[in-house]
Every structure is written in structure tokens, then in C-alpha cells.
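I opened my notebook to look up a few features of this model. Here are my entries, in the order I made them.

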Amino acid sequence: MNNHPRMAGEGTMRSQVDRVGIKIGMWLFLYSEIILFGGLFVLYAAYLHRYPQSFAVGGKELNRVIGALNTVVLLVSSFTVAASITAIQKNSRKLTIGLLLFSIFCGVIFLVNKYFEWGAKIQHGIYPNSETLVSGEPGLNIFFGLYYVITGLHGLHVIIGMVLLAISTVLVWRGKVDGSRLSMLDNSGLYWHLVDLIWIFVFPLFYLVL
């Protein structure tokens, strides 16, 4: 047993969680995600400049009601995630779990809406390199190619965000995350806000184009 004060202090330091390091690491990861989507948005802008009319026609084919509904759903979920962090800081565990479950439910609603939207388009033969698009204007084929890539990639991020929120919910329920240890929930919330932020750009670019 080591009773030396200096050695005991070193042991305590090793056992402490480096919250600042975790936060910086999470921000660096989010920055890389922003660069990824930023590159896709630049590509979108380049083709929009080349095929403005085709992009306008493609945008009118998308369901703006579903797009707007999904925007509201993500904004609400972003609010409830932020509220869950405030709740855990006050050690209100039940409220935190309820808010996180509701946020995950919002993610499910978003994906279901996206499933029906994609399904309707594919059923009508509107997907990259389909006969409908290949025989039409090249700009329209590019528009829907970017639409499926960007919204598909965003949907994958929604799923990852839901998994992170689900893990946070379990950790809160088990008492592993509380008002003094909330790095997991805090970083999950940051990721979810990124998912929401990206959609704020995706919605006008595709659904409200021109």
C-alpha cells in the first residue's frame, strides 16, 4: 500500500478524466465532418452554376412538405437533446432519459419520412443512372446523384447520432452519466447538433433550389 502523498496524488491524476482533451477531440472530429459535407456542398454549387435549370426542375420533383417536416423534427430533437444536458446537470435522471428517448424517436420519424420519400422516387424510376434520368438532361441526373449521396450520407449520420444518444440513455439509466460526469452525453449532443446543422443546409439546397 502506497501512503506517500506525492505518489497518491499522481494516482489521483491518472484516474481523472481529461474532459478538456475529450472535448477538443470531439470538436476536431466534428470539424472533419464539416469539411466532408463542405466539399460536397462546393461540388453541388459548381454543378448548380453549370446546370441551373436542371437543378430547378429536380428540386420541384422533391416533396417539400416532407422536407419541411423533417426540418421541424430535427430542430425539435436538437432542442430536447440540449434540454437533456441541462436536466442531467441538475441530476434529473428521469427527465434526462425521457428527453433522450423523445430525441431518438424524432430521429426515427426523420428516417421513416426519408424512407417513404426515397421509395416514391425510386418507384418512379428517379435515381442515378436510371433510364428516366439517363435519357433526359445530364444536369438532372447529376442533381439526383448528389441528392442521394448527400441525403444518404446525412441519413447515416442520423443513425450514428441515434446510436450515441441510445448509449447515453443507457449510461444515464445505469448512473454512469450524471451531473458531474456528462462527457458522453455532452459529446453525443454536439454530434446531434451537427446532424441538425447539416440538414439546415441540405433542405434549402435541394428542396428550395431556385
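Predicted model: local features only at pLDDT ≥ 70, side-chain atom pairs only at ≥ 80, totals over all residues.

I began with V112, which I found in helix α5. Helices here are DSSP runs of H or I with at least four residues, numbered from the N terminus. V112 is partly exposed, with a relative accessible area of 36%. I noted the scale: buried is under 20%, exposed is over 50%, and partly exposed is in between, with a 1.4 Å probe and protein chains only.

Residues are numbered from 1 along each chain, and side-chain values use heavy atoms, without hydrogens and water.

Next I looked up aromatic pairs. I found 17 in the whole structure. Rings of Phe, Tyr and Trp (its six-membered ring) pair if their centres lie within 6.5 Å; planes under 30 degrees apart are stacked, over 60 edge-to-face, the rest tilted.

I checked Y44 and F55. Their ring centres are 5.2 Å apart and their planes lie at 65°, so I logged the pair as edge-to-face. Y44 sits in helix α2 and F55 in helix α3, eleven residues apart. Both are buried.

Then I took W118 and Y148. Their centres are 4.9 Å apart with planes at 70°, so this pair is edge-to-face. W118 lies in helix α5 and Y148 in helix α7, so the pair ties together parts 30 residues apart in sequence. Is Y148 buried or exposed? Y148 counts as buried, at 10% relative accessibility. W118 is partly exposed, at 25%.

Definitions and conventions
Helix = DSSP H or I, 4+ residues; strand = E, 2+ residues; numbered from the N terminus.
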